[in-house]
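Hi everyone, thanks for making time. Let me bring the structure up on the screen, and then we can walk through it together.

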Amino acid sequence: MWESSQLPEHGALIAEALNRLVGTLNQRSRAALLPLSGKDGLQTVNYVFTWLSGLPLRSRAGPLGLEHEPLRFDAKRLLAEGSVDALLWVSAFGPEPAAPSASIPTVVLGHPAQQAGAGADAVFIPVSTPGMGSAGHLFRFDGGVALPLEAVYDDGLPTVAQVLQRLNARVRTLRAGRSA
């Protein structure tokens, strides 16, 4: 068992090494890992990204296809170096963690209480909290079960998925206008 929040810097490399070790051990015996954690849907993000791409987070979909390099695609490092053009920050569960300060265009899809920390240059879009103001799903911390979340009340806010669908549709419209 291990808890990702307790790993040092570059902990993703340790997690990857542990997974490879278990894979090697399972060729001749039995071994397993039980990762503990998953604060604010992090475990769900990891599972969904892996399900959609076949690779864990810190991967890139680019001209060369899918690439997984945990150090090269570390978001904190990329932001600190100024190696990215824009930041999309998604955090629907509460005001923390706040979006990092960045001198690039930033869009924050966040809990309504997060607006104060979004930064003056950021575009802030309040979104509904899954399991409170809207339905949703989260993976249980042990990774075995997707738990359905029911809305406790209607907060009138869009879900992250709805906002992303609208943004995606707008980008497609803008691209179509340029190619015409």
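Let's start with Asp74, which counts as buried because its relative accessibility is 12%; buried means under 20% relative accessible area, exposed over 50%, and partly exposed in between, with a 1.4 Å probe and protein chains only. Asp74 sits in the loop between strand E4 (65-68) and helix H3 (75-81). Its side chain makes a polar contact with the side chain of Arg58, at 3.2 Å; that term is a pair of N or O atoms within 3.5 Å, where within protein one must be able to donate a hydrogen and the other to accept it, and residues adjacent in sequence count only if both atoms are side-chain atoms.

A word on provenance: this is a predicted model, where local features need pLDDT of at least 70, side-chain atom pairs count only at pLDDT 80 or more, and totals for chains, interfaces and linings use all residues. Residues are numbered from 1 along each chain as its sequence is written, and side-chain values use heavy atoms, leaving out hydrogens and water.

Zooming out, the chain has four helices and nine strands, taken as DSSP runs numbered from the N terminus, with helices (H or I) of at least four residues and strands (E) of at least two. Of the 180 residues in the chain, 22% are buried.

Now, which residues form the largest nonpolar core? Ala92, Leu109, Val127, Val160 and Val163 do; such a core is a set of buried Ala, Val, Leu, Ile, Met, Phe, Trp, Tyr and Cys residues joined through side-chain atoms within 4.5 Å.

One last thing to look at: the peptide bond from Glu96 to Pro97 is cis, with omega near 0°, and Pro97 lies in the loop between strand E5 (87-91) and strand E6 (106-110).
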